[in-house]
Amino acid sequence: MKTSSRRAIGNASFFLIATTFLVSPGFAADAPTTVTNIFRPLSTPAQAIHEVSLLVLAICGGIFLVVGGLLAYTVVRFRHRPGDDEREPPQIYGSNQLEFAWTVIPIVTVFVLFLATARTIYDVQGAAPPADALNVTVVGHQWWWEIRYPELGIVTANELHVPVSDAGKRRPTFLKLESADVAHSFWVPQLAGKTDVIPNRRNLMWIEPIQPGTYVGNCAEYCGTQHARMLLRVIVHPAEDFDKWTTAQRQPPVDDPQARAGRDVFFATACINCHAIRGTKAMGTFGPDLTHLMSRETLGAGTVPNTAEKLRTWVRDPQTIKEGCNMPNMQLTDDELNQIVAYLLTLK
Ligand code: CUA
């Protein structure tokens, strides 16, 4: 190997190790972050995974230090010096002690890692939902998340609202994960490990956030051109706020007489083939439910903030914001566009 490429590999591995240890001391602060970080768990399964990952890191770090240290010592201690005779050092073949050591130590190491990991997997996957657990179905689509609360009659998109769980009242959320098209993966690093979302299959996972706030996540399996814009938000509420949110979401859609013109245009175009507005003839399921569209923070699964201006740009031509997404440019006239946007803005 050439010296330059060897040096490049050395630099790269140093960088990798340095960032692992520099990023992780985020331990100290514990508020939810907008950075996806497995080293700041704020939910029961994520904490279990965090503990096992620290154990794995510690063991691997220890092995790295021993092997790297011995290697560095040997390279320096026995390097070529001017005046060395050119004879080979004594050659030793066969050492029962050495062979025994390098067989048994790795077996024990792997066994410890296996046991710790198996126990965590069992704890996380084997957890039974308590009676008052919240049940949510999440359906992955290219490229957004459909979020359904079957017991509450709520359907929303991209923003999962759940109650906080505290020592006094545990309130985990159990998720059924399904896909409408290709394989996706649901991942909110501060809340739980990633779980695949696979067509014709229902995967289960659960989260139990212990602190209110907004947690970010993303689709973690390449699912097409806009995979990177398939973002997730989990909004964790104190119990009373969660009840307020569910009450608001269960209200029928606003029917503002001022927005009737836009409503008529909306119902006369193909919008209703893909989108649903509860209690109306708009019952499409290819796109997000719009009943309470304006209660959401973002458009296009976290692509842009959900403001009047961005909404107008989106409705005029979603392809300018999220190229390749399944919502086409509907070729609306300016009047139609203004009316539809005025109507959508009332769907709070
Ligand atoms: Cu969905 Cu990547």
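1. Let's start where the domains meet: 16 residues of domain 1 are in contact with 14 residues of domain 2. Two residues count as in contact if their C-beta atoms, placed from the backbone, lie within 7 Å. On the side of domain 1 that touches domain 2, β2 (144–149), β3 (154–157) and β10 (231–237) each supply at least two residues; strands here are DSSP runs of E, at least two residues, and helices are runs of H or I, at least four, numbered from the N terminus. That side has seven nonpolar, five polar and four charged residues. Ala, Val, Leu, Ile, Met, Phe, Trp, Tyr, Cys and Pro count as nonpolar, Asp, Glu, Lys and Arg as charged, and the others, Gly among them, as polar.

2. A word on the model: it is predicted, with local features needing pLDDT of at least 70 and side-chain atom pairs pLDDT 80 or more, while totals for chains, interfaces and linings use all residues. Residues are numbered from 1 along each chain as its sequence is written.

3. Where are the domains? Domain 1 covers 32–76 + 94–240 and domain 2 covers 257–345, with bounds from an automatic or database domain assignment. Their C-alpha centres lie 34 Å apart.

4. Now look at helix α7 (residues 308–316) and helix α8 (residues 334–345): their axes, lines fitted to C-alpha atoms over the stretch in contact, come within 10 Å and cross at roughly 130 degrees, on a scale from 0 to 180 degrees between N-to-C directions.

5. In this contact, A308, L311, R312, V315 and R316 of α7 meet L337, I340, V341, L344 and L345 of α8. These residues divide into eight nonpolar, no polar and two charged.
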